Amino acid sequence: MEQRLTEEKVFKDPVHNYIHVQEPIIWKLINTPEFQRLRRIRQLGTSYLTFHGAEHSRFSHSLGVYEITRKIISQFERSHYSDWPREEKQVALCAALLHDLGHGPFSHSIEEAFDMNHEDWTCRIIQGDTEVGAILRRYAPHFDEKVASVIQKTYDKPIVVNLVTSPLDADRMDYLLRDAYFTGVNYGTIDLDRILRMLRPFHGRIVVKESGMHAVEDYLMSRYQMYWQIYFHPVTRSSEIILRQIFKRAKELVKQDFSFKFMVEPLPKLFQGEISVHEYLQLDESLIQTAFMQWRKEEDTVLSDLCERFMNRRLYKYVELEQIDLAMVEEIREAFVKAGLDPEYDLEIDFPTDNPYDVFRPDQSTDKQILLLDRQDKLHELSEVSDIVRSISGLQLGKHHLYYPKNKVDAILHELPSHIRPYFL
């Protein structure tokens, strides 16, 4: 096994002040091409078109998740908790660092467009013919498989999985703090130090000391606010819709053997669903945006218009709908067709939803619960004790939004039936 680095490496970080690297394997993984690629993937996808400061990367977030995990483990070791399996430290640290390795350009938007899962790609990269995979396998036999199983949530020690993937994990805590910092809002400013001090390893999983309940309540309220104010912001959703439509149109054109004026590898493989790990790792946002810039000149007017909109932030306008009337939506679609518009690209209904915390149900597994540990060493599911958590659990406050290209609809507004026009005024 490797010893510690002769000199600790540090990264200056706006969220955690410093990120400390003491293990040689962590330093080696950070310096792989696969991990460095995350510098070229934005953490918040298209949110930079709404919040101009949201330019931070998956690279910085991954370092932050590693640092929070390192702090938790260090606390467990200093306090000599017998429930923490010390031999699992390296597995947990590597999984925390690499958990987002498989994210593609614009993160979740590309996943939706191509029905992909970044965790699957993360595991393929970790276990593939990559520098990351080679470093893990050199560290110990089957070590790459162990790290991948943490990402897959199948590792045989759930307490290690809890650190990286749980309702109160290092991933969520870092992205709330980091995303709040770079978007310039206060919603995500949680008391991280207090939460970390209250975590305990207990009977094979991580729980929260009862006196830390209020800090966890604040964390869940912050998550609740961040989703509705940042992650589900309707302007961001508009840019995501256009991005998905670009990918959708490009896939259609590739299937039709359309002769692109500009095409770069490995995009054809991506659109055909036949992309390898090596090719996938060539994808970053610079490559995608280069393609978009060139596609503005393509003869296909749908693709060129969408790319123009995305690159120059001419996003779709939206209208809030208190309730969705499916019959009315279908009538709008038909009216669009008659007026010469394409409802497949010129109309979309969006309804974002999220639960900040899933209340316990008899059929719900304990890995989706936050458990409080009282003074008698008894466990209580958080929502049983907290009125605040119980009040926000299961809330669906989202509204339907109807998105459309304003310039196109304005041009044909007079052709729409009179009872439909008010939607677009």
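Reader: Which residue just after α10 takes a positive phi?
Author: That is G184, with a phi of about 80°. Before we go on, please keep in mind that this is a predicted model, in which local features need pLDDT of at least 70 and side-chain atom pairs count only at pLDDT 80 or more, while totals for chains, interfaces and linings use all residues. Residues are numbered from 1 along each chain as its sequence is written, and side-chain values use heavy atoms, with hydrogens and water left out.

Reader: What makes residues 170-183 a helix, and how does the reach of α10 compare with the one expected?
Author: Helices are DSSP runs of H or I with at least four residues, strands are runs of E with at least two, and both are numbered from the N terminus. α10 has 14 residues and reaches 20 Å from its first C-alpha to its last. The expected span is 1.5 Å times one less than the number of residues, and for α10 the reach is close to the 20 Å expected.

Reader: Why is α10 called largely enclosed by the rest of the structure?
Author: Buried means under 20% relative accessible area, exposed over 50%, and partly exposed in between (1.4 Å probe, protein chains only). Eleven of the 14 residues of α10 are buried, so the helix is largely enclosed. Among them are M173, Y175, L176 and L177, but also D171, D174 and R178. The buried residues pack against strand β1 (9-13) and helices α3 (58-78), α9 (158-164), α11 (192-198) and α12 (213-231).

Reader: How do you know that D169 caps α10?
Author: A side-chain oxygen of D169 lies 3.3 Å from the backbone nitrogen of D171, at the N-terminal end of the helix. A polar contact is a pair of N or O atoms within 3.5 Å; within protein, one must be able to donate a hydrogen and the other to accept it, and residues adjacent in sequence count only if both atoms are side-chain atoms.

Reader: Which residue caps the N-terminal end of α3?
Author: S57 does, with a side-chain oxygen 3.3 Å from the backbone nitrogen of F59. α3 is mostly covered, with 18 of its 21 residues buried. This helix reaches 30 Å, close to the 30 Å expected for it. After α3 comes H80, with a positive phi near 55°.

Reader: What makes D300 count as buried or exposed?
Author: Its relative accessibility is 11%, so D300 counts as buried. D300 lies in the loop between α16 (285-295) and α17 (301-311). Its side chain makes a polar contact of 2.7 Å with the side chain of R249. Leaving aside neighbours within four places, D300 is in contact with R249, L253 and F258.

Reader: How are α7 and α8 placed relative to each other?
Author: Axes are lines fitted to C-alpha atoms, for helices over the stretch in contact, and angles run from 0 to 180 degrees between N-to-C directions. The axes of α7 (131-139) and α8 (143-151) come within 7 Å and cross at roughly 115°. Angles under 35 degrees count as roughly parallel, over 145 as roughly antiparallel, 65 to 115 as roughly perpendicular and the rest as oblique. The two helices are therefore roughly perpendicular. L136, R137 and Y139 of α7 meet F143, D144 and V147 of α8.

Reader: What can you say about phi of S107 and of D257?
Author: Both are positive in a residue other than glycine, near 50° for S107 and near 60° for D257. S107 lies in the loop between α4 (89-98) and α5 (108-114), and at 2% relative accessibility S107 counts as buried. D257 sits in the loop between α13 and α14, and at 68% D257 counts as exposed.

Reader: And what is the peptide bond from E265 to P266 called?
Author: It is cis, with omega near 5°. P266 lies in the loop between α13 (234-255) and α14 (267-272).

How values were computed:
Contact = heavy atoms within 4.5 Å.
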